[in-house]
Amino acid sequence: MTQTSSGKASAPDAGAEVVGGGPPPAKASGRRFSFNLRESGIYVAFALIIVLFSILTDGGLLSPQNISNIMVQNSYILILAIGMILIIIAGHIDLSVGSVVAVSGAVAAVLMVDMGMPWPPALLITLLVGALIGAWQGYWVAYFGIPAFIVTLAGMLIFRALTLTVLGNQGIGPFPDEVRTLANGFLPGFLGNVGLGPLGGADLFTLIVGLAIVAGIVGTQWRARQARLGYRQQVDALPLFALKMIAAAAVVMTVIVQLARFKNLPWVLVLLAVLVLGYTLLTNRAVFGRHIYAIGGNLHAASLSGIKVKSVTFWLFVNMGVLSALAGIIFAGRLNQAGPTAGNSFELDAIAAAFIGGAAVQGGVGKVVGAITGGLIMAVINNGMSLIGAPSERVMLFKGLVLLIAVAFDVWTKRRAGAGG
Amino acid sequence: MTDHILQMRGITKTFPGVKALQDVNLAVRRGEIHAVCGENGAGKSTLMKVLSGVYPHGSYDGEIVFDGEPCRFSGIRDSERRGIVIIHQELALSPYLSIAENIFLGNERTRRGLIDWNHTNAEAAALLERVGLRENPVTRAMDIGVGKQQLVEIAKALSKRVRLLILDEPTAALNDEDSAHLLDLLRGLRDEGITSVIISHKLNEIKAIADSTTIIRDGRTIETLDMSGGEVTEDRIISGMVGRDLEHRFPPHEPTIGEEVLRIEDWTVHSPAQPERAVVSGANLTLRRGEIVGLAGLMGAGRTELAMSVFGRSYGVGISGRVYKDGREIQLRSVTEAISHKIAYATEDRKRYGLNLIQDIQRNVSAAALGKLARRGWIDGNEEYRVADGFRADMNIKAPSVLAVTGKLSGGNQQKVVLSKWIFTDPDVLILDEPTRGIDVGAKYEIYAIINQLADQGRAVLVISSELPELLGLCDRIYAMSAGRITGEVPRAEATPERLMQFMTREKE
C-alpha cells in the first residue's frame with residue numbers, strides 16, 4: 001500500500017480558496033431538517049395512496065385478509081421487479097419476462113403433473129431452465145451486442161410460442177400441494193394464538209417474527225449510524241433517526257399484526273423478504289452490485305476501469321431468467337394450473353414498478369426497495385380500485401397516469417438539482 | 001469616445017446558493033477580437049449564456065446594450081436575430097446529417113415549405129469557401145475531423161448573418177495546425193467587420209490574436225487589458241486570473257530515475273473501422289522508474305491509440321508487438337490484466353470515458369480497485385469512505401465531502417478524482433492522456449505537482465499532451481509521434497518546441 005503517500009499535492013501558493021481542505025463536519029446536519037425529496041417522494045406517494053384508498057374503502061384496504069391478499073396476489077410481480085430493476089440499472093430492459101413466466105410454469109407443470117416427478121427436483125429443473133433462458137438472452141445482449149430491447153422482444157415471442165407448443169390451448173394442472181402452499185399457503189401457527197384485546201386473536205409466532213424484524217432493522221441502522229459517526233460522515237440527527245425508525249417499526253408492525261390476525265405469514269411473503277434482503281445487500285455492498293451501477297452510469301468508464309462489462313451483463317440476464325422461472329412457478333401454483341396466457345403483460349408491470357420506484361431511464365440509478373415500493377403502489381391501486389368496484393379500464397388509466405407522473409417527477413427534480421450546478 | 005458594439009453592465013446572476021456573476025462589466029469594441037479569460041468556474045460561460053439569451057432576460061440583473069440598443073433576450077433565437085451567435089465548447093453538430101444540413105439546421109432554405117436542396121448545398125459551398133474548408137457540403141458531419149467541424153460551426157454562424165461571434169474554448173480539442181487555421185479565420189472575419197468574443201485557456205493564442213482581454217475571477221470582472229501594444233505577457237494575464245503571481249507555471253522537480261519498468265517493442269495497431277489501416281506502426285518505447293516521459297504528436301498521430309491498445313487492448317484490432325514489464329514479457333489482453341500488471345491509463349476525455357458522473361466521488365475513486373476494499377465479494381463501505389476521503393484531502397479535491405456527485409465538480413477536481421482512482425490501483429506505470437485538458441491554470445499547477453510526486457514515488461509516468469510547453473516544462477524525456485510512428489526521442493535538456501515540431505510533422509519515410 002503506497003497510496004497513503006499519494007501526495008500533499010497542493011501547490012505552495014495555490015491555496016487561494018481551500019474549500020475542501022479541512023475534515024468534514026463531524027456532527028450531523030443537526031438543526032436543519034434535510035429532506036431528500038427525490039428519494040423520499042415515492043414513499044410519500046405510497047403513503048398518500050394508502051390513505052386515499054383506506055378512506056375510499058372504509059378501511060377495507062387495510063383489513064387483515066386484504067393485506068394478505070395484496071401480498072399473495074402480487075408476489076410474482078414483485079419478484080420480477082427485483083430482477084428488472086437490476087437490468088434497468090445496468091441500462092438494459094427485459095420485455096420477455098411475461099413469456100418466461102409462462103414457459104417456466106409450463107415446464108414445471110409438465111414435469112410435476114404429466115411426468116409425475118416429485119416437486120423438489122422439478123422445481124430445481126424449472127429454475128435451471130429459467131437460467132438457461134437467461135443465458136440465451138444474455139449471450140445475445142452481452143457477447144453478440146444486440147440491444148436488449150430487441151433480444152427480449154424476440155424472446156417475448158419465442159417463449160410464448162414455446163409455451164403454446166407445450167400446452168396447446170389448455171392448461172395443465174393440478175399441482176402438488178407443496179407448490180400450491182408455496183404460492184398460496186401460510187406458515188403453520190408454531191406457537192398458537194395470543195389475544196390482542198379488541199383486535200382479537202393473533203398468531204404468536206408471526207408477532208415474534210415481526211418484533212425480530214423491527215429489532216433487526218433498528219439494530220443494523222443504529223450500527224451503520226455509529227460506524228458512520230466513527231468515520232466522521234454525515235448522519236441524520238438523533239431525533240430524525242428515531243422518527244424514521246419509529247415510522248418503519250409502525251409500518252412493519254401494522255402489516256404483521258394484521259397478517260397475524262388473519263392467517264399467519266404467507267410463504268411467498270417469507271420468500272419475498274429473503275429475496276429483498278439478499279438483493280439489497282447485493283446492490284449495496286457486493287462488488288457485483290457495484291459493477292451494475294458502474295456499467296449503467298458510464299459504460300466506457302466502467303470497462304476502462306477493468307470491470308468485466310460483458311460478464312456482468314450476461315449474469316444479470318441469467319439472474320432475471322431464474323427469478324422469472326420462480327415467479328412462473330408461484331403464478332402457476334396459485335392458479336393451480338399452467339395456462340397458455342400466464343404472465344401476459346407481466347413485463348409491463350415489472351418495468352412500471354421499477355420506474356415508479358425511482359429507476360432512471362438512462363440507467364445507473366435505482367434501488368431494490370424502490371422497485372418493491374413501486375410494485376406495491378401498483379398493487380394497492382389495483383386492489384383498492386377493485387374493492388370500490390372501479391371498471392378495469394379506469395384502473396389502467398390510473399396506473400398509466402401514475403407511471404407518467406412518477407417519471408415526470410423524477411425528471412423534474414433532477415432538472416431542478418441540475419440547474420444549481 | 002470608443003465605439004462599443006456591446007456593453008454588458010452590472011451583470012449579476014444567482015443560482016440557488018451560488019452567486020455565479022457579481023456586477024460583471026464587459027465592453028467590446030466594434031470589429032475587435034476580445035478575449036475573456038478566467039479560471040474554470042470563474043463565470044465566463046455563465047456570462048456568455050446571459051449574453052446569448054440561454055438565461056433569459058429577468059433571470060439576471062444588469063443590462064445589455066448591443067449596437068446602442070438595450071437588449072432583453074428571451075432565448076437564443078432572439079439573440080441570433082440580432083446577430084449574436086455562440087459556438088459552444090461541445091460542438092452541436094448532428095453527426096448523421098450532412099455539412100449543409102447542419103449549417104442550415106433550424107434555419108432551412110425552403111421553397112413553398114419544402115427544402116430547396118440545390119439552394120442549400122450551393123449556399124453551403126459558398127460559406128465553406130469563406131471559412132476555408134474544402135469539403136463537399138453533402139459529406140456527413142461525422143466523417144470530418146473535429147477541426148473541420150469547428151469550421152462548419154463558424155459557417156453556420158455566418159449563415160445567420162453574425163455580427164458578434166462568441167466562441168467558447170474553440171481550440172480546446174484542436175491540434176496546433178487546426179488551431180492556427182482557426183485563428184487566421186477569426187482575423188479574416190475581423191477584417192470583414194465581424195466582432196468576436198473568444199473564451200480560451202490557451203494564453204499564447206490569446207496573446208497572438210486578441211485586441212483586448214477581459215479577466216474574470218470568482219464571478220467578478222478584474223480588469224480589461226489592451227493587447228494592442230504587445231507589452232502584456234502571458235504571466236501578466238495569469239497573475240490577473242489567479243490573483244497572485246505565479247512565478248513558474250511548473251513546480252520545480254529533481255527527478256530520481258531508476259531502472260527500466262516498461263518496454264514496448266514493435267507495437268502495431270490497426271483501426272477497427274478500417275482493419276487494413278495501421279494507426280500505430282512499429283512503435284518502440286521505454287519508461288523508467290521515477291521518470292516522467294512525454295508523448296508529443298498532432299491530432300491523429302496515434303498517441304491515444306498507442307496508449308489504449310497497450311492498456312488491455314482497449315482500442316484497435318490486429319495488435320502485434322511485445323510488452324516487457326521489469327524485463328519480463330507480459331500479456332495484456334484485457335483491462336483487468338493491465339491493472340493487475342500495475343499499469344493505469346487516465347483517459348483524455350474524463351466525462352465520457354473516465355468518470356461515472358452520476359455517482360459520488362467515493363464510488364469513482366474505488367471503481368478500478370474495488371477488490372482492495374472487498375472481502376469475498378463484499379465491499380467494506382466505511383473503508384471505502386476512509387480511502388476516498390484520504391484522497392480528497394491529499395489531492396485537495398474541492399468538494400463538501402466524498403459523497404458529492406462528480407458531475408457537479410469543476411474540470412480540475414474531476415481530473416483529481418480520475419487520478420485518485422488510478423493512484424488507488426497502486427500502479428507502476430501511469431499513462432496520463434491530456435491530464436490538464438480544460439483545466440484552469442491553478443489546478444494545472446496542482447496536477448503537475450501530483451505528477452511529480454508520483455514519479456518521486458518510483459512510478460513511471462507517460463504524459464500525452466497537445467500542449468508543447470506542458471511537455472517541455474514537465475517531462476524528463478519526450479517522444480514525438482507522427483502518422484503512427486515514433487519519429488523522435490529528445491531528452492529534456494535538448495528539447496525545444498521547434499525540434500519537437502519537426503519530429504511531429506515528419507512524413508512517412
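Visitor: What is the volume of the largest cavity?

Guide: This is a predicted model, in which local features need pLDDT of at least 70 and side-chain atom pairs count only at pLDDT 80 or more, while totals for chains, interfaces and linings use all residues. Residues are numbered from 1 along each chain as its sequence is written, chains are lettered from A and ligands numbered from 1 in the order in which they are written, and side-chain values use heavy atoms, with hydrogens and water left out. A cavity is a set of points, on a 1 Å grid over the protein atoms alone, where a 1.4 Å probe fits but cannot get out; a pocket is an open set with protein on both sides within 12 Å along at least five of seven lines. The largest cavity has a volume of about 150 Å³ (the space filled by probe spheres set on grid points joined across faces, edges and corners).

Visitor: Which residues are closest to the centre of the largest cavity?

Guide: Lining residues have an atom within 4 Å of a point. There are 15 of them around the largest cavity, and B:Ala172, B:Lys202, B:Arg437, B:Gly438 and B:Glu467 are the closest to its centre. The lining comprises three nonpolar, five polar and seven charged residues (nonpolar: Ala, Val, Leu, Ile, Met, Phe, Trp, Tyr, Cys and Pro; charged: Asp, Glu, Lys and Arg; polar: the others, Gly among them). At least three lining residues come from each of domain 1 (4-242) and domain 2 (258-342 + 427-509) of chain B, the bounds being those of an automatic or database domain assignment.

Visitor: How many cavities of 30 Å³ or more does the structure hold, and what lines the second largest cavity?

Guide: The structure holds six such cavities. For the second largest cavity, the volume is about 130 Å³. Its lining has 15 residues, with A:Ala294, B:Asn356, B:Arg363, B:Asn364 and B:Ala367 closest to the centre. Two or more lining residues are given by each of helix 10 (287-297) and helix 11 (299-304) of chain A and helix 12 (361-366) of chain B (helices are DSSP runs of H or I, at least four residues, numbered from the N terminus). Helix 10 of chain A provides the largest share, three residues. By class, this lining has seven nonpolar, five polar and three charged residues.

Visitor: Turning to open sites, which residues lie nearest the centre of the second largest pocket?

Guide: The second largest pocket, with a volume of about 500 Å³, is lined by 22 residues, and B:Lys202, B:Leu203, B:Asn204, B:Glu467 and B:Pro469 lie nearest its centre. In chain B, helix 6 (176-191), helix 7 (203-209), helix 15 (441-456) and helix 16 (468-474) are the elements that give two or more residues to this lining. Ten of the lining residues are nonpolar, four polar and eight charged. Domain 1 and domain 2 of chain B each supply at least three residues to the lining of this pocket. B:Lys202 and B:Glu467 are also among the residues closest to the centre of the largest cavity.

Visitor: What domains does the assignment of chain B give?

Guide: It gives domain 1 (4-242), domain 2 (258-342 + 427-509) and domain 3 (352-426). The centres of domain 2 and domain 3 of chain B, taken over C-alpha atoms, are 25 Å apart. Their contact (heavy atoms within 4.5 Å) takes 15 residues from domain 2 and twelve residues from domain 3.

Visitor: What distance separates the centres of domain 1 and domain 2 of chain A?

Guide: Chain A is assigned domain 1 (58-185 + 266-414) and domain 2 (187-265). Over C-alpha atoms, 27 Å separate the two centres. Twelve residues of domain 1 and eight residues of domain 2 make the contact.
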